[in-house]
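Subject: Structure handover and notes

Hello,

Here is the structure we talked about, with the sequence.

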Amino acid sequence: MDANDMCLYFLQAGISIRPSAIRFLAQYITEHSSTDSAENILEEVIRGTRELSMGGSSFLEESQVRRILLSEDEEMKVEEPKLDQKVRRAVEESIIVLSAYGDFPYLQRDKHDGKMKVTKEEKLLYFGKSQDKITGYRNHFDMLEECLHRDFTKYTSASSEDALHSSSEAIEIPYINNLLGLKTTVRVFGILLRKEDMRYYLEDGTGSVKLLAKDVEVEKGFFLEGHGVEIVGKLENDELWVKRINHPRVAQPTLPKPIDMDYFGAYSYATKRILNSEPSDAYSSLPESIMLPHDSGNPKEKMLIALSNINFDNPRTMGRLRELLTGIEQLQPRVIVVMGKLFSQPQREHNELKSYVAQFAQTVGDFPYLCNSAAWVIMPSLEDPGISHILPRKPLPSCLLEPLKKRVKTVVNATNPCRMSFYGIELIFCRCNLLQYCKRLNIFQSQHEDFQNIAFTVMAQRSLVPVDRSYIPVVWNYAHSMGFYRAPKYIVLGDLCNSYEQEIEGTCVINPGNFAKDFSFSVLYPLLGKIEPSKLT
């Protein structure tokens, strides 16, 4: 029985199986052909699959086949396939920059078992369909609900006697429609929104309730329309009087190992490169996705420098940039991430903008290491030239960066946001004036510092830009690339406000500062877990 026959055998049983699992099965059948038939082995796997949770994947993984066929001791003895070892080594010894329009994981709630499943869309229409907007909102709500309500058994049923008569503490209920008839203080989760009557409501998939607020206890974070929030309050005359409001609990969710290892797509991209196969349609026209090989030296000592709002057309900024490059030439950073706003006045003529890039390229060209060994990642803001004012933001027009590419060996024309695997450490970069939007649109005022509020809001909402889409529009087919289910090690948010760093549940949220204003930037040593906020004096 060859590989095609085995695939067909599983498909007839309603199971999709990974090629790596087929290879392992072929090897296992060959080794056990004297004691058992191929059909009996495949039937054993099918029976075990139906008893085994797929763990969020729509495909039968090799690790699951091993778990079915091998005892624990045998499984420990089986070596990993050479390809897997080679891919893992490649990821840990290189830098991979991935586009927001690439093979990004897509999280959806399964209609049958209610569990969140991770899939990877190979190709999506750029503009999509009208239904995609509804799907985008629905998927984000499901993701937040999954983070918050992972264990539904801890919630008290609204019909229980304890829920109806207890008044000593808030009763947690899973859905808004369970509020009916309750006279005690409750805790409920939903989406904060404002309807046509200009009143605020809390809504989920089962219903909505009008909110009334007075002397509200506000926890850490900003609270905007469209946010998923927990509210503690009491229902009176079909209106919920808010006593306390807070964001969902921030906790790192667990994913099955194959999905968790490749949640941000670095392993898939490395596998395609190693196999020398043509990239999928999602990558076919995306030069902004790139894999940089390991250079000499210890990866742990390799640094990454992040700058935001650099303004190529500002003579004062370019003068101070030369001072910065003079210093970091000796430090030899592996990657320099330059985030917009790249031009203070992007409405200029094309040739004039290109001349400013040429001046920047000439400045960089005076430093041999930065030209030949460092990788420059150029990431535009919403205001920069090109397809602007919509996220994910397409890269700069490639013709604008031609002068830089002539002088610098490695230039990555990145999307906004973009993902990076830095020797196996995951980072996300996003450039948006987030604090400005959050302060202007905030509904409930927290007493915490702005930088604490912004970092906590991003992590709790699992969104790089937790602002209603009527203010910052998105490409709905790719709205999932603006969020994250499992957080990376670093989230770098380029903003116009002062620099900050805030660690939440193992993820460090960083703003390198406004270089055009106070010449601040950040130096990261990702493998050492070290961050150095810096500023030119």
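In these notes, a residue is buried if its relative accessible area is under 20%, exposed if over 50%, and partly exposed in between, using a 1.4 Å probe and protein chains only. This is a predicted model, in which local features need pLDDT of at least 70 and side-chain atom pairs count only at pLDDT 80 or more, while totals for chains, interfaces and linings use all residues. Residues are numbered from 1 along each chain as its sequence is written, and side-chain values use heavy atoms, with hydrogens and water left out.

Helices (H or I, at least four residues) and strands (E, at least two) are DSSP runs, numbered from the N terminus. Two strands count as paired if DSSP finds at least two bridges between them.

The sheet

Six strands make up an open, mixed sheet, in the order β14-β13-β12-β11-β20-β21. The edges are β14 (410–413) and β21 (530–535); each has a single partner strand, so one side of each has no neighbour in the sheet. On average, neighbouring strands are turned by 20 degrees against each other, direction ignored. Axes here are lines fitted to C-alpha atoms, for helices over the stretch in contact, and angles run from 0 to 180 degrees between N-to-C directions.

Strand β13 (residues 375–379) pairs with β12 (residues 335–339) in the parallel sense, over five bridges. Val335 has Ala375 as its bridge partner in β13, and Ile336 has Trp376. On the β14 side, β13 is again parallel, with four bridges, and there Trp376 is partnered by Val411.

Five of the five residues of β13 are buried, so the strand is largely enclosed by the rest of the structure. In a regular strand the side chains alternate between the two faces of the sheet. In β13, Ala375, Val377 and Met379 point one way, and Trp376 and Ile378 point the other.

At the other end of the strand order, β20 and β21 run antiparallel and are joined by six bridges. Val523 has Glu532 as its bridge partner in β21. The hairpin of these two strands has four residues between them, and Gly529 in the hairpin takes a positive phi near 70 degrees.

The helices

Helix α11 (residues 315–331) lies across β11 (304–308), β12, β13 and β20 (520–525), and runs at about 175 degrees to β11. Its axis comes within 10 Å of the axis of α12 (residues 350–365), and the two cross at roughly 25 degrees.

Contact means heavy atoms within 4.5 Å. Met318, Leu321, Arg322 and Leu325 of α11 meet Phe360, Thr363 and Val364 of α12.

One further residue

Ala455 lies in helix α16 (residues 450–461). With 0% relative accessibility, Ala455 counts as buried. Leaving aside neighbours within four places in sequence, Ala455 is in contact with Gln502, Ile504 and Val509. Gly221 is 234 residues from Ala455 in sequence, yet their C-alpha atoms are 7.9 Å apart in space.

Regards
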